[in-house]
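Reader: I'm new to this one. Can you put it up and walk me through it?

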Amino acid sequence: MKTLCVVGYSGSGKTTLLCALIPLLRGYGLKVAVVKSTHHDVDWDVPGKDSYRLREAGADAVLLQGPKRWLMSRPAPAEVNLETISASLQPLPDLLLMEGNKALALPKIEVHRPSLGRPLLAADDPCIMVVATDSVLDIPGVQLDLNTPSAIARFIRQWIKKED
């Protein structure tokens, strides 16, 4: 499994880019999983529902099984790293895309829009391999057009082949 983080400031278009990339990468025959990270507590369940009550009663894991989708809830591990994240993804995909988790020392694509007025993360993070932007930046390194997801998907495909 290859892992690639997509990082950038809020509002930069990380989720929009991922939504465009997923079908393109699947078109290359890749099995793709996504981890969406947030600083906020998350809860997909509703108080009073059976699955919520089972979790609150102390179940270590609750799997809500429906005919088309399964949702698993379990406590987050004390340490978040690639091993703890990938342990929850069975069978492993060919490619794990992680939105966020910019503190992890993993290969990254930065989504950067100068119009947001935020600093470039790539300046301080050697794990950022490419900057996907809607402008031309005066920086060293690879830049790709944020509005051309097919070029970004090709870059990812070439990176995967190079890493094998």
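Author: Start with Lys 108. Lys 108 counts as buried, at 1% relative accessibility. Buried means under 20% relative accessible area, exposed over 50%, and partly exposed in between (1.4 Å probe, protein chains only).

Reader: Which side chain does Lys 108 meet in a salt bridge?

Author: Asp 125, at 3.0 Å from N to O. The pair links distant parts of the chain, 17 residues apart. Lys 108 is in strand β6 (108-112), and Asp 125 is in the loop between β6 and β7 (128-133). A salt bridge here is a side-chain nitrogen of Lys or Arg within 4 Å of a carboxyl oxygen of Asp or Glu.

Reader: Is Asp 125 buried or exposed?

Author: Asp 125 is buried, because its relative accessible area is 15%.

Reader: Before we go on, what kind of model is this?

Author: This is a predicted model: local features need pLDDT of at least 70, side-chain atom pairs count only at pLDDT 80 or more, and totals for chains, interfaces and linings use all residues. Residues are numbered from 1 along each chain as its sequence is written, and side-chain values use heavy atoms, with hydrogens and water left out.

Reader: Back to charges. How many salt bridges does the structure hold?

Author: The structure holds 5. One of them joins Arg 113 and Asp 134, with the closest N and O atoms 3.0 Å apart. That pair also links distant parts of the chain, 21 residues apart. Arg 113 is in the loop between β6 and β7, and Asp 134 is in the loop between β7 and β8 (142-145).

Reader: How accessible is Arg 113, and what about Asp 134?

Author: Arg 113 is partly exposed, with a relative accessible area of 23%. Asp 134 is partly exposed at 31%.

Reader: Which side chain does Arg 55 meet?

Author: Glu 56, in a salt bridge of 3.5 Å, N to O. Arg 55 has 21% relative accessibility, so Arg 55 counts as partly exposed.

Reader: New topic. How many helices and strands are there?

Author: There are 4 helices and 8 strands. From the N terminus on, the elements run β-α-β-α-β-β-α-β-β-β-β-α. Helices (H or I, at least four residues) and strands (E, at least two) are DSSP runs, numbered from the N terminus.

Reader: And what box do the C-alpha atoms fill?

Author: A box of roughly 55 × 35 × 25 Å, taken along the principal axes. The protein has 164 residues, and 36% of them count as buried.

Reader: Where is Thr 3?

Author: Thr 3 is in strand β1 (residues 2-7). Thr 3 is buried, with a relative accessible area of 8%. Leaving aside neighbours within four places in sequence, Thr 3 contacts several residues, including Leu 82, Met 98 and Trp 159. Contact means heavy atoms within 4.5 Å.

Reader: Now the surface. Which residues form a nonpolar patch?

Author: Trp 44, Leu 64 and Leu 71, with about 230 Å² of accessible area together. Patches are made of residues with over 30% relative accessible area and no salt bridge: like charges are joined within 9 Å, nonpolar side chains (Val, Leu, Ile, Met, Phe, Trp, Tyr) within 5 Å. Accessible areas come from the Shrake-Rupley method with a 1.4 Å probe; for residues, only the protein chains shown count as cover.

Reader: Where in the fold is Leu 71?

Author: Leu 71 is in strand β4 (residues 70-73). Leu 71 counts as partly exposed, at 34% relative accessibility.
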